[in-house]
Amino acid sequence: MRKVNIGIIGFGNVGSGTAKILLSRKSFLAQKIGVEINIKKVCDKDITSKRNVSLDKSILTRDASAILNDPQIDIVVELMGGVHPAKEFILEALKKGKNVVTANKALLSECAQQLFREANDRGRNIYFEASVGAGIPIIKSLREGLVANKFNAIFGIVNGTCNYILSQMSATHCSFSQALNEAKAKGFAESNPTLDIDGLDAAHKLILLTYLAFGKLVTLKDVFVEGISHISSADVNYAQELGYQIKLLAIAKKESDELEVRVHPTFLPNNHLLSSVGGVFNAIYVSSDLAGDLMFYGPGAGQLSAASAVVSDIVDLTQDIKAGLFRPTLNSVEDTLLKRVRKIDEFESRYYIRFSALDKPGVLAKISGILAKFGISIASVTQKEKQKTQIVPIVMLIHETKEKDLHQALSIIDRLAEIKEKSVAIRVEV
Ligand code: HSE
């Protein structure tokens with residue numbers, strides 16, 4: 001049977017999970033694919049700590065060049081994370097004629113153009129299934145299963161930490177910081193969860209989904225990113241009263257001949273399929289022209305879930321190697337009807353707004369007068385009863401409005417003497 005040698009750089013959580021699957025399912029996989037996958041070397045700066053898989057000490061190394069310079073290694077699996085030196089290792093692997101598997105969304109979202117071009121020029125491939133939604137086969141589905149389709153939109157809950165926090169706030173009416181602390185205690189959130197709660201991790205994944213669906217490799221600068229740390233329990237509770245859930249959505253959407261690429265907290269109606277995705281689960285909702293609307297759902301993180309996707313990429317490459325095939329990575333065809341990526345000011349959305357106002361005659365008239373001046377139409381309005389303070393929440397849903405108009409209107413409203421706190425505005429999707 002043909003043997004394919006792999007080298008793994010990064011023996012952490014996903015790296016050791018990958019090794020565990022490849023060893024424990026070696027003959028199972030060989031029977032399925034007709035190739036023996038052999039782990040030839042594993043590199044990490046720490047090769048002494050105990051992992052949940054035991055490897056022959058002779059294959060462990062602290063020196064990545066032992067993998068990159070080994071002519072018998074066909075596939076380099078980069079699972080170290082971070083941009084540097086992962087990027088240099090991948091470039092070197094391609095230069096040495098190796099194919100690459102990576103789960104590194106931060107690196108790809110920054111350097112995909114250069115890495116894919118290098119791979120293409122050298123007739124090699126970079127596969128990255130584990131970079132979005134861990135074991136959910138969304139990348140393979142977009143590239144292969146849905147290859148004949150054109151896409152209208154992709155909406156995703158692609159960050160489990162944020163989804164856990166928002167789900168807990170909704171279920172227990174706790175504050176953002178209480179939910180975050182709970183996520184940390186349960187091991188769902190990193191000790192420094194900034195990338196997650198600021199929406200950047202979701203933005204990295206959205207850049208890859210946008211490329212696969214629309215063929216456009218946008219940069220982080222093109223993506224509007226707003227995190228969830230300002231979401232209050234009051235807003236989560238009002239959302240529920242109005243029949244909505246707040247979710248951090250990553251959205252790539254075609255609007256006539258332009259593309260909107262954005263990550264932000266979103267009011268989603270309870271009857272939307274994504275509203276029922278709770279806890280650390282991820283889900284990606286794809287609107288395609290031939291296959292219709294589809295949803296991909298599952299755990300978006302976890303050692304074996306991510307490693308399952310890494311192994312799937314390794315297996316795909318072994319099949320390419322066996323068949324002598326080259327399937328170029330830069331094969332996403334740009335939707336030629338798309339002229340540009342919209343700027344945030346041009347977005348149009350429905351909105352939930354919460355004003356904190358003094359309970360006095362004429363306040364609502366002043367607010368609605370300013371909104372009207374900017375052509376903003378109110379869909380519903382509720383004023384809550386006064387509680388301990390003189391300040392009352394006025395909760396509004398407004399019809400589609402241009403982002404720019406809303407922000408100008410809110411900045412005038414927030415300067416009124418009767419408005420006591422900065423108004424809160426959250427986008428609403430249907
Ligand atoms: N930190 C990510 C999440 C998982 O919370 O979903 C890795 O992408």
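The entries below go from the domains to the ligand, and then to single residues.

**Entry: the model and its domains**

I note at the start that this is a predicted model. I looked up the domain assignment of the chain and found domain 1 at 2–134 + 303–323, domain 2 at 138–299 and domain 3 at 346–428. I then took the centres of domain 1 and domain 3 over C-alpha atoms and read a separation of 52 Å.

**Entry: the ligand**

Which residues are around the ligand? I listed Lys105, Asn159, Gly160, Thr161, Asp196, Asp201, Lys205 and Ala301. I also checked which helices contribute to this shell: α7 (160–172) and α10 (200–214) each supply at least two of its residues.

Next I looked at single distances. For Thr161, a polar side-chain atom lies 2.5 Å from an oxygen atom of the ligand. For Asp196, an N or O atom in the side chain is 3.0 Å from a nitrogen atom of the ligand. For Asp201, I read 3.5 Å between a polar side-chain atom and an oxygen atom of the ligand. The ligand taken alone exposes 260 Å², and the protein buries 84% of that. I also looked up the pockets: the largest pocket is the space taken by the ligand.

**Entry: Ser191**

I found Ser191 in the loop between α8 (176–185) and α9 (194–197). Is Ser191 buried or exposed? I put Ser191 down as exposed because its relative accessibility is 72%, and the cut-off for exposed is over 50%. I also compared its position with that of Asn181, ten residues apart from Ser191 along the chain; their C-alpha atoms are separated by 9.6 Å.

**Entry: backbone points**

I looked for a cis peptide bond and noted one that joins His84 and Pro85, with omega at about 5 degrees. Pro85 is in the loop between β4 (75–78) and α4 (86–95).

I then noted positive phi values in residues other than glycine. His173 has phi near 60 degrees and sits in the loop between α7 and α8. I placed Ser256 in the loop between β9 (244–255) and β10 (258–269). With 60% relative accessibility, Ser256 counts as exposed.

**Entry: Lys50**

Where is Lys50 found? I located Lys50 in the loop between β2 (35–43) and β3 (60–61). Its relative accessible area is 80%, so I wrote Lys50 down as exposed. From Lys50 I went to Phe281: the two are 231 residues apart in sequence and 29 Å apart in space, C-alpha to C-alpha.

**Entry: His407**

I ended with His407, which is in helix α14 (residues 403–413). I recorded His407 as partly exposed because its relative accessibility is 41%. Last, I looked up His407 against Thr48, which is 359 residues apart from it along the chain, and their C-alpha atoms are separated by 55 Å.

Key:
Residues numbered from 1 in each chain as written. Predicted model: local features only at pLDDT ≥ 70, side-chain atom pairs only at ≥ 80, totals over all residues. Heavy atoms only, no water. Domains from an automatic or database assignment. Helix = DSSP H or I, 4+ residues; strand = E, 2+ residues; numbered from the N terminus. Buried < 20%, exposed > 50% of the residue type's maximum accessible area, 1.4 Å probe, protein only. Near = heavy atom within 4 Å. Polar contact = N/O pair within 3.5 Å; in protein donor to acceptor, adjacent residues only side chain to side chain. Areas by Shrake-Rupley, 256 points an atom, 1.4 Å probe, with all protein chains shown as cover. 1 Å grid on protein atoms, 1.4 Å probe; cavity = no way out; pocket = protein on both sides within 12 Å on 5 of 7 lines; lining within 4 Å. Sits in = over half its atoms within 2 Å of the grid points.
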